Amino acid sequence: MHSVEAEQILIGSIMFDNRLFAGVGDKCEPGDFYEDIHQRLLEICGQLINAGKPASIVTVKQFLPADMKIGEMPIRQYLARLVAEAAIPNEVPSLAAVVRDYADRRAMAEVAGELTKPAIADPA
């Protein structure tokens, strides 16, 4: 239960226009992202923006291993792809809500799984 596309477009949009970060914080947080790399990228963007620095391909890349790859794609190319797929600004709050919604669903599924364990446990 996740949308890699929503996560990617949201992060790319923030790197494209750092002002969009302000509208994301109340809708979702790094822990809401399914992909670990997306969690890390949002953390980095937030740290940079909150410090009054730009969160761009160049600045974000500095916080990641130089030889890092996402699949077979070098991190710089991956970041460039995210920015190239940025959404129009009015879509960003909706994307943040989608990311949060999937996080809530994963949390509910985890709770449901824990609740059903006693019901299916061997009574012996």
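Modeller: Helices (H or I, at least four residues) and strands (E, at least two) are DSSP runs, numbered from the N terminus. Here α2 is followed by Gly52, whose phi is positive, near 80°. The model is predicted: local features need pLDDT of at least 70 and side-chain atom pairs count only at pLDDT 80 or more, while totals for chains, interfaces and linings use all residues. Residues are numbered from 1 along each chain as its sequence is written, and side-chain values use heavy atoms, with hydrogens and water left out.

Colleague: What span does helix α2 reach from its first C-alpha to its last?

Modeller: The expected span of a helix is 1.5 Å times one less than its number of residues. Helix α2, residues 36-50, has 15 residues and reaches 21 Å, close to the 21 Å expected.

Colleague: Which residues of α2 are buried?

Modeller: Buried means under 20% relative accessible area, exposed over 50%, and partly exposed in between (1.4 Å probe, protein chains only). An α-helix has 3.6 residues a turn, so residues three or four places apart point the same way. In α2 the buried residues include Ile37, Leu41, Ile44 and Leu48. Their cover includes α1 (4-16), α3 (57-61), β1 (69-70) and α4 (75-84).

Colleague: What does Thr59 touch, leaving out residues up to four places away in sequence?

Modeller: Contact means heavy atoms within 4.5 Å. Thr59, in helix α3, touches Leu48 and Pro54 on that count. Thr59 counts as buried, at 17% relative accessibility.

Colleague: Is Ile9 buried or partly exposed?

Modeller: Ile9, in helix α1, is partly exposed, with a relative accessible area of 24%. Ile9 and Glu85 are 76 residues apart in sequence and 5.9 Å apart in space, C-alpha to C-alpha.
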